[in-house]
Amino acid sequence: MSNRRTEYLLKLVRGKSFRSALKAIAELRMMNDAGLAGAVAQGRAPDEQREFQRRIARLVLERGLEGLVAEWTALGEAKWRAELISEIGQFLHLWVYPATVELGLAALEDPSREVQIKSIWMFLGFVREPSAKERKPEKTDSGRRYQEAANTLRGWITPARRSRMTRGFAAMLERHRREPYPVLPEVVELIGYTANQEDRQAIALLEELRLKSGEPHRVSYERVDKANFEWFEKLALAKKGVAPEEMVRIKHTPTGLLDKKLLERSLARIRERAP
């Protein structure tokens, strides 16, 4: 990497964009030059966000992602830990290390609900086993990179890590009784990929959800006169080159119930998986 490129990346690390800073840190990490950590520390950070970015950069450049795992709860406020795990989850191809799985576990076990929720979206990226359609090669370069990263990270989920994930997901299901999580369907799906026949607590928690499961949406149909078309409906019809006097509008109204099919699939996977 040229000195000019290195200086540019260091400037991004100290800049206003959190996303650009994280991407720059990931690229600098590939150089395996711990001496760059000193360059990151030059000058005074003007605000809390950029101080957090520099702290992340110093740890990653000196100790790798293992440094983030070791210092997780001391990194900074929960909102920044949540932002960090969210960014890494969205750009997995930049963070293909075994410690990335450990970092996700640290976030899952974080005392902050906000951080836990972000970890769920990260885990969905590589814990969920792809369908036959999803296993087909991606058409775009970015899609292929993400797919390859997810496959590699999935291969680093050891039995011990899978067990920790199950405990973390089960803890969220238990807390959901008192204070509902907005990611309940995602937690139910994920625990179906990690728990096994002997995880009785996980099975019991899922069984409890049967009473609150069913069709997640109620479908209804209504005829709408042309005068009452919404602007986006008019735009869509114009693009198609059609101008009907009326149409049937399909509405999906949330019922507040957990998708029963999703729940049954997770339970089936768990009961089929031997310890």
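**Reading helices and their neighbours**

Guide: Let's start with a pair of helices: H11 and H14 are roughly parallel to each other. Keep in mind that you're looking at a predicted model.

Visitor: How do I read that? At what angle do the axes of helix H11 and helix H14 cross?

Guide: The general idea is that an angle under 35 degrees counts as roughly parallel. Here the axes of H11 (residues 184–194) and H14 (residues 260–272) cross at roughly 20° and come within 7 Å. That's why this pair is called roughly parallel. The crossing of H11 and H14 is left-handed, too.

Visitor: Which residues make the contact between H11 and H14?

Guide: On the H11 side, look for Pro 185, Val 188, Glu 189, Ile 191, Gly 192 and Tyr 193. H14 brings Leu 262, Leu 263, Ser 266, Arg 269 and Ile 270. Sort that contact by class and you get 7 nonpolar, 2 polar and 2 charged residues.

Visitor: Now H10 and H11. Are they roughly parallel or antiparallel to each other?

Guide: Use the angle again: over 145 degrees counts as roughly antiparallel. H10 and H11 pack at about 150°, with their axes 9 Å apart, so they're roughly antiparallel. H10 passes H11 in a left-handed crossing. From H10, the residues involved include Phe 169, Ala 170, Leu 173 and His 176, and among those they meet in H11 are Leu 184, Val 188 and Ile 191. By class, this contact has 11 nonpolar, 3 polar and 1 charged residues.

Visitor: You mentioned His 176. Is it buried or exposed?

Guide: The cut-off for buried is under 20% relative accessible area. His 176 has 16%, so it counts as buried. You'll find His 176 in helix H10, which covers residues 159–176. Setting aside neighbours within four places in sequence, His 176 is in contact with Tyr 181 and Leu 184.

Visitor: Can we try another one? Where is Leu 205 found, and what is its relative accessibility?

Guide: Leu 205 is in helix H12, residues 200–208. Its relative accessibility is 6%, so Leu 205 is buried as well. With neighbours up to four places away left out, Leu 205 is in contact with Ala 170, Leu 173, Glu 174 and Arg 177. Take Ala 170: it's 35 residues away from Leu 205 along the chain, yet their C-alpha atoms are separated by 7.3 Å.

Visitor: What about a whole helix? Which residues of helix H1 are buried?

Guide: In H1 (residues 3–13), the buried ones are Thr 6, Leu 9, Leu 10 and Val 13. They fall within an arc of 100°, so they line one face of H1. On the other side of H1, Arg 4 and Lys 11 are exposed.

Visitor: And what covers the buried residues of H1?

Guide: The cover includes helix H2 (18–29), helix H3 (36–40) and helix H4 (48–63).

Visitor: Let's zoom out. How many helices and strands does the protein chain have?

Guide: It comes to 14 helices and 4 strands. The C-alpha trace spans about 65 × 55 × 40 Å along its principal axes. Of the 275 residues in the chain, 43% are buried.

Methods. Residues numbered from 1 in each chain as written. Predicted model: local features only at pLDDT ≥ 70, side-chain atom pairs only at ≥ 80, totals over all residues. Heavy atoms only, no water. Axes fitted to C-alpha atoms, helices over the stretch in contact; angles between N-to-C directions. Helix = DSSP H or I, 4+ residues; strand = E, 2+ residues; numbered from the N terminus. Parallel < 35°, antiparallel > 145°, perpendicular 65-115°, else oblique. Left-handed = near helix turned anticlockwise from the far one by under 90°. Contact = heavy atoms within 4.5 Å. Nonpolar A, V, L, I, M, F, W, Y, C, P; charged D, E, K, R; others polar. Buried < 20%, exposed > 50% of the residue type's maximum accessible area, 1.4 Å probe, protein only. Arc of directions from axis to C-beta.
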